[in-house]
Amino acid sequence: MGYRNLEFPDDFLWGSAASAHQTEGGNHNSWSEWEKIPGKIKDGSNADIACDHYNRYKDDFDLAKELGHQIHRFSIEWSRIEPNQGRWNDSELGHYESVIKTLLERNIKPMMTLHHFANPIWFRDMDAWLNPESPELFGKYARKAAEVFSKYNLIWNTINEPMVVATLGHLFGEFPPGYKDFNKTITATMNMLKAHGQAAMNIREVYDEKGLEQPLIAPVLSVSYFMPANADNKEDVELANYLDNLYNQEWIRGAVTGIIPDLDGNGERYTPLENSVDFIGLNYYSRQVVSSELDYLAGEMAPRNPNLERCEGLDWEVYPQGYYPIIKSYWDNYRKPIFLTENGIGTLDDMLKQRYIVSHLQQVYRAIEDKVDIRGYLVWSLTDNFEWTQGYSSHFGLVEIDYKTQERHSRNSAFMYRDIIRNNGLTEELQQRILSNWR
Ligand code: FCB
């Protein structure tokens, strides 16, 4: 197959993403307690030490700089900042100020997420996202964050992957709080939608009060490309469309339109959501093949295609072809700028990681050629880290970590990605070198 040079827009931002609980170590939150329950984490590990990023962030950002990164997405840990309800920990706020300054000093744009899966214990104890007060409580935390961090040039993410929090935590029982209950799933989903609105509204108020120019604010979505097992089977096609709507579209449609979706179709207007989405963050990893013969909502999965490579442990199929249509659907539906806030693969096969990145970037380029306003691409993740239910058995890092010594070692994929950044895109030669002889 012939390749051509794919040059990305001049102001396109390249970088990587990570989250607090997966990297920092030393957290006490809903996840640190969940990890201690036998059987919850595949390799029996926990994030007590993780990557020790809480102490090593300066070195880690030196590495990101060396590897050419221009943007870094990280999360701040709510449980550190508000260890008890309404009590703010100034020294932890100071810590994150230093994290932000460290990035800025290295000329790396900070993209800061307020919530990436973990909850403070007090919030967990009040049933977290099932509590009708949860949106206001999250909004107060966002306000505090804005009061402290608005002086820096930041991009804001409110909640990471609300549909993952809702479904893995309330439908499939794999994440805390571990429920398997459809109604609870919907309640949590809607409260996170409101919480996003409260957060965006409060952040904007603080910027206005201080006379600062409004920042970019966005939620970050987990998106999956739903495909019918049999494209000629009407029921399979309908199911794929139904799940696409439920998982990929409903929440963000609510955030963009300001109307909380209702199961009976009569949505209620929620004013804090107005003006809450400056761009959409998309995390894409794989596709889901769905068959009407299986009960998807009960966790039944179609068998994997043996011809496709997969992500370690999570068993996600490598399916770059799904990236373009998914990106395009968000652009067509909402006309908001897009940041590709996570994409990557857990694997020790570094050639596979390189193929994964290059083949996905080819799809990104197709969308750019179609005039989709894509602002940046962030690999998940800068370093290996604690991969939730998989523990340390899934290796998403551009940089490998030896957990015994905490030594960092850049993989070849990190250098390949550095070359992509230097070229601001994919040269013909690089595509040829990485993708030839694949499949
Ligand atoms: C996403 C999460 C991120 C990481 C990747 C592999 O769903 O946002 O924390 O676990 O998957």
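**The ligand and its surroundings**

Around the ligand we find Gln22, His116, Phe117, Asn160, Glu161, Tyr285, Glu342, Trp380, Glu387, Trp388 and Phe396, where a residue is taken as near if one of its heavy atoms lies within 4 Å of the molecule. This is a predicted model, in which local features need pLDDT of at least 70 and side-chain atom pairs count only at pLDDT 80 or more, while totals for chains, interfaces and linings use all residues. Residues are numbered from 1 along each chain as its sequence is written, and side-chain values use heavy atoms, with hydrogens and water left out.

By class, this shell has 5 nonpolar, 3 polar and 3 charged residues, with Ala, Val, Leu, Ile, Met, Phe, Trp, Tyr, Cys and Pro counted as nonpolar, Asp, Glu, Lys and Arg as charged, and the others, Gly among them, as polar.

As for polar contacts, meaning pairs of N or O atoms within 3.5 Å, a polar side-chain atom of His116 lies 2.8 Å from a ligand oxygen, one of Glu342 lies 3.0 Å from a ligand oxygen, and a side-chain N or O atom of Glu387 is 2.8 Å from an oxygen atom of the ligand. The ligand taken alone exposes 290 Å², of which the protein buries 94%, by the Shrake-Rupley method with a 1.4 Å probe.

**Leu6**

Turning to Leu6, its C-alpha atom is separated by 5.0 Å from that of Leu426, although the two residues are 420 residues apart along the chain. Leu6 is buried, with a relative accessible area of 7%, where buried means under 20% (1.4 Å probe, protein chains only).

Definitions and conventions. A polar contact is a pair of N or O atoms within 3.5 Å; within protein, one must be able to donate a hydrogen and the other to accept it, and residues adjacent in sequence count only if both atoms are side-chain atoms. Buried means under 20% relative accessible area, exposed over 50%, partly exposed in between (1.4 Å probe, protein chains only).
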